Amino acid sequence: MNTKQYIGDLIGGSLFVAESRAVAELLLQKPSLEDFNHAIVEDNLLQKNSPQTAKRYAKTIRTRIEPMGEAYLNALVTANETVARQLLLAAFLNNSPIAQDFLRYSVADARRAYQEKLSDFSWDDFFDERIRAFPELGKFSETSVKKMGNNLFKALADAGYIDTARKKQLRAVYIEPDVRALLEQKGMTDVIKVMDSSA
């Protein structure tokens with residue numbers, strides 16, 4: 001796995017819950033690229049202030065959720081809020097293995113140590129440690145590293161694993177049966193394990 005694959009599109013943003021459900025519904029219609037772009041830019045499906053912002057959101061979301069398959073997209077469109085957020089976290093983790101490792105090591109270690117919250121430096125410490133395995137991570141600017149960490153904390157807050165991205169108070173989360181079944185069907189055992197290990 002190269003550095004680009006390891007990071008995925010973590011810098012693109014957090015879970016984008018409402019926007020992701022809208023994009024999933026659009027993708028289920030199997031639009032051409034032209035029709036997809038028309039819905040995003042001309043129809044302003046995501047209700048953004050500029051076409052550039054809309055296209056950036058749509059690209060990030062599509063990169064994460066489209067590879068998850070049609071059953072996933074259907075589930076995302078019809079799911080209740082809790083299930084939808086867990087489905088989106090699964091896609092987020094699948095797209096960014098570095099985020100999986102953060103849950104696998106930093107979050108799980110904090111829970112084992114009975115810590116009530118993640119340290120404000122937990123992402124920076126983790127990222128510095130990961131540079132040993134992926135030296136090219138050291139080429140990212142401090143701004144980019146901070147943005148990735150902010151997006152990850154926001155995603156964890158969106159999925160209920162921490163209270164807010166700022167306070168980082170840990171919460172127990174249990175994977176919804178529908179989410180677990182879908183991920184098992186897709187053979188995503190690694191994602192299930194890290195989502196479980198944080199409970």
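Beyond its neighbours within four places in sequence, Ile65 contacts Ser20, Val23, Ala24, Leu27, Tyr72, Leu73, Leu76, Leu88 and Ala91. This is a predicted model.

The largest nonpolar core has 67 residues. Within that core, Ile65, Tyr72 and Trp123 touch the most other members. Helix α6, residues 81–95, contributes the most to this core: nine residues.

## Helix α3: one buried face

Helix α3 spans residues 33–42, and its buried residues are Phe36, Ala39 and Ile40. Viewed down the axis of α3, the buried residues fall within an arc of 90°, so they line one face of the helix. The general rule is simple: an α-helix has 3.6 residues a turn, so residues three or four places apart point the same way.

The face turned away from the buried side of α3 carries exposed Glu34 and Glu42. After α3 comes Asn44, with a positive phi near 50°.

## Leu170: a buried loop residue

Leu170 sits in the loop between α9 (142–158) and α10 (177–185). Why does Leu170 count as buried? Its relative accessibility is 14%, and buried means under 20%.

Setting aside residues up to four places away in sequence, Leu170 touches Val107, Ala110, Arg111, Gln115, Glu116, Lys117, Leu118, Tyr161 and Ile162. Arg62 is 108 residues from Leu170 in sequence. In space, Leu170 and Arg62 are 29 Å apart, C-alpha to C-alpha.

Technical notes: Residues are numbered from 1 along each chain as its sequence is written. This is a predicted model: local features need pLDDT of at least 70, side-chain atom pairs count only at pLDDT 80 or more; totals for chains, interfaces and linings use all residues. Side-chain values use heavy atoms; hydrogens and water are left out. A nonpolar core is a set of buried Ala, Val, Leu, Ile, Met, Phe, Trp, Tyr and Cys residues joined through side-chain atoms within 4.5 Å. Buried means under 20% relative accessible area, exposed over 50%, partly exposed in between (1.4 Å probe, protein chains only). Helices (H or I, at least four residues) and strands (E, at least two) are DSSP runs, numbered from the N terminus. Contact means heavy atoms within 4.5 Å. The arc is that of the directions from the helix axis to the C-beta atoms.
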